[in-house]
Amino acid sequence: MGPTPEVLEKFRKKAEIVSAIVSEVDSMAQAIAYTVDLCAQKEACQLLMSGCEETLSDKGKDLCELKEWGKIIAAPALNDADMAELLKQAAERQISVIKDGMRGHLAGIDIGFTVADYGIGETGSLVIDSSSEELRLATMVSEIHVAVIPKSRIRATAEDMYAELKGFMSQKPNYLAFVTGASRTADIERVLALGVHGPLELHILILEDK
């Protein structure tokens, strides 16, 4: 059973308050098309550094060589069918797709593409089982995070998913992420800055899954 219209609307409004961009999609293929189109329209993510033209240590040279010049979508947790569709659509736009090896791409991941486990209406938050390091990195070092949330998995409150949360946290190892909006901080002179500790943008795609 999916959320009531009131819960769904509250989820959307709360997410948008914290700078998330919320859309609805009818299928994973449509969600993938949205993601690939978004990546194609943005400038390639780059690690900004200076001094690479100077005499450097071996470690410094290795860091400079991490710079990426193409566009990359990281999708570490997609099933085989969805990954095949993503690879097909991305190849048509000359975009690379990676499923693992995130540590080798810390210099520039354009989009982290994930499927959230649950959504919380009262805060507009996403709940993502991030026990996999690959998934954590994809959602933390990417410039844009695109998250698909099946409509049936949106709950009114965190208390409404107590049993599910307890199940996640009983697993070892466990890393459960609550994602609310894009990365933000205001700890320097109380000036709000987005994208400092994580993605600059969060796009939430509500998937119709009746």
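A nonpolar surface patch of about 340 Å² is formed by Leu106, Met140, Val141 and Tyr175. Patches here are built from residues with over 30% relative accessible area and no salt bridge, where like charges are joined within 9 Å and nonpolar side chains (Val, Leu, Ile, Met, Phe, Trp, Tyr) within 5 Å. This is a predicted model, in which local features need pLDDT of at least 70 and side-chain atom pairs count only at pLDDT 80 or more, while totals for chains, interfaces and linings use all residues. Residues are numbered from 1 along each chain as its sequence is written, and side-chain values use heavy atoms, with hydrogens and water left out.

**The protein as a whole**

- The protein has six helices and twelve strands; helices (H or I, at least four residues) and strands (E, at least two) are DSSP runs, numbered from the N terminus.
- Of its 210 residues, 43% count as buried; buried means under 20% relative accessible area, exposed means over 50%, and partly exposed is in between (1.4 Å probe, protein chains only).
- The accessible surface comes to about 11500 Å², and 53% of it belongs to carbon and sulfur atoms; such areas come from the Shrake-Rupley method with a 1.4 Å probe, and for residues only the protein chains shown count as cover.
- Among contacts with a separation of 6 or more, 76% are between residues 24 or more positions apart; a contact means heavy atoms within 4.5 Å.

- Met140, one of the patch residues, is found in helix α5 and is partly exposed, with a relative accessible area of 44%.
- Elsewhere in α5, which covers residues 133–140, Leu135, Leu137, Ala138 and Thr139 are buried.
- The cover over these buried residues includes β2 (72–74), β4 (109–115), β6 (125–129) and β7 (142–150).
- A handy rule for looking at helices: an α-helix has 3.6 residues a turn, so residues three or four places apart point the same way.

**A buried histidine**

- The side chains of His145 and Thr114 are joined by a polar contact of 2.8 Å. A polar contact is a pair of N or O atoms within 3.5 Å; within protein, one must be able to donate a hydrogen and the other to accept it, and residues adjacent in sequence count only if both atoms are side-chain atoms.
- Leaving out residues up to four places away in sequence, His145 touches Gly112, Thr114, Ile128, Thr139, Pro199, Glu201, Leu202 and His203.

**Salt bridges**

- A salt bridge is a side-chain nitrogen of Lys or Arg within 4 Å of a carboxyl oxygen of Asp or Glu, and by this rule there are nine.
- Arg12 forms a salt bridge with Glu24, with the closest N and O atoms 3.1 Å apart. This pair links distant parts of the chain, as Arg12 is in helix α1 (residues 5–17) and Glu24 in strand β1 (residues 21–25), twelve residues apart.
- Glu24, which is partly exposed at 40% relative accessible area, also forms a salt bridge with Lys151, where the closest N and O atoms are 3.7 Å apart. Lys151 lies in the loop between β7 and β8 (154–155) and Glu24 in strand β1, so this pair ties together parts that are 127 residues apart in sequence.
- Lys151 itself is buried, with a relative accessible area of 14%.
- Asp37 forms a salt bridge with Arg93, with the closest N and O atoms 3.2 Å apart. Asp37 belongs to helix α2 (residues 28–41) and Arg93 to the loop between α4 (80–92) and β3 (96–98), 56 residues apart.
- Salt bridges that share partners join Arg12, Glu16, Glu24, Lys151 and Glu208 into one network.

**An open sheet**

- Four strands make an open sheet with mixed pairing, in the order β8-β5-β6-β9; two strands pair if DSSP finds at least two bridges between them.
- Strands β8 and β9 (176–179) stand at the edges with a single partner strand each, so one side of each is left without a neighbour in the sheet.
- Strand β5 (residues 118–120) pairs with β6 in the antiparallel sense over three bridges, and Gly119 stands opposite Leu126 in β6.
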